[in-house]
Amino acid sequence: MSIVEVKVPQLSESVAEATLLQWKKKPGEAVAQDEILIEIETDKVVLEVPAPSAGVLAEVVEADGSTVVADQVIARIDSEGRAGAPAPAPAAAAAAAEATPPGGMSAAAPGAPAAIAAGGAKAGVAMPAAAKLMADNQLAAGSVEGTGRDGRVTKGDVLGAIAGGAKAAPAPAPAARPAAAPLPQVSAPAPADLGARPEQRVPMSRLRARVAERLLMSQQTNAILTTFNEVNMAPVMEMRKRFQERFEKEHGVKLGFMSFFVKAAVHALKKFPILNASVDGNDIIYHGYFDIGIAVGSPRGLVVPILRNADQMSFADVEKKIAEFGAKARDGKLGIEEMTGGTFSISNGGVFGSMLSTPIINPPQSAILGVHATKDRAVVENGQVVVRPMNYLAMSYDHRIIDGREAVLGLVAMKEALEDPSRLLFDI
């Protein structure tokens, strides 16, 4: 037998620990080299752990939902094993068997089930995290089938049971009380049948918890103020319609609206560098580069990948990168390096139909642009009421270092660039 250890990959310097999601293989099953065995969730990204060797998964050391650190052993592969062959007994079980005193009685506490006392885990025994989740949801012991090693119930098993409609254990009958004098009979209306009122308690993912922490920190540490303006999107829409077909044929990607918003934002940041700055203690750091964060929704929560040196990117470069970020976010493939840093962010709630919002600053940045849905509206031009495709822009900023003047003028610069896109060509 030749055992190869499966370890947690290196994590980011700012990430101390991670959570195992769900094993894709069970002990005794064959694995191919580089086959993905499990995904590990950090507070920033989801990492895949491939098999370092082909063979048979001999042992799963850490079950679903376990908290792990870098380089920790989470499984072992028998590189010479055959699928279906029994997995070697864990060393712990062997040691426990040797410790069994004469007569077959275990050193376990009196009253412990015989299967547990013998050293092996009894099928249905819940892991600590799973036991807590079962208690929180009032699930009876033994009501959830375990898929972990030796039949242990994992956190994933409990979540699956809850999602499948597992019911809470019946409340214990109250203890008998001494007989009392009969109370007078009082007629009262029967309680209304409110029907089923189901609830489900699910722990936050690490990514969701981290997003919550950062947003709360942003509101607690920044003096956030939001300024608004409206933009006539007709010029951008006309230009996009005029060049869409040729652009897609030339660059292999559609010409969207986000590239215009990115370019307009960079245009304004150059004019008002304080919008691209950040606070470090009592210092203001002015960034001589433009790394624009693009807020992207993913199945696991909000992520903000970064367009590096956006001022040096063409419209096609921006569109390709945003499309790449969207695909990676959906598949959970964004790397830590792709979401680190950033000097300014753009959040596009318009794709979901949002008409107006006040975006929260993404620390340590000092400003963020909120883009919304473009709708036909009645506006006044030269004393006449006309219909124009209007978009409301919102820019939240840290009032500690950004005054209203710079914020308002910065948003006006973005508005002017969008209403006359030729400004972007001449940087005026």
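Predicted model: local features only at pLDDT ≥ 70, side-chain atom pairs only at ≥ 80, totals over all residues.
Local features need pLDDT of at least 70 and side-chain atom pairs count only at pLDDT 80 or more, while totals for chains, interfaces and linings use all residues. Residues are numbered from 1 along each chain as its sequence is written, and side-chain values use heavy atoms, with hydrogens and water left out.

Q: What makes β1 and β8 paired strands?
A: Strands are DSSP runs of E of at least two residues, and helices runs of H or I of at least four, numbered from the N terminus. Two strands pair if DSSP finds at least two bridges between them; β1 and β8 (residues 73-78) have 5 bridges, in the antiparallel sense, and K7 stands opposite V73 in β8.

Q: Why is one side of β1 and of β3 left without a neighbour in the sheet?
A: The open sheet has 4 strands in the order β1-β8-β6-β3, with antiparallel pairing. Because β1 (3-7) and β3 (30-31) stand at its edges, each has a single partner strand.

Q: Why is the pair of F260 and F315 called edge-to-face?
A: Rings of Phe, Tyr and Trp (its six-membered ring) pair if their centres lie within 6.5 Å, and planes under 30 degrees apart count as stacked, over 60 as edge-to-face and the rest as tilted. Here the centres are 5.1 Å apart and the planes at 65°, so the pair is edge-to-face.

Q: Why is F260 called buried?
A: Buried means under 20% relative accessible area, exposed over 50% and partly exposed in between (1.4 Å probe, protein chains only); F260 has 2%, so the term buried applies.
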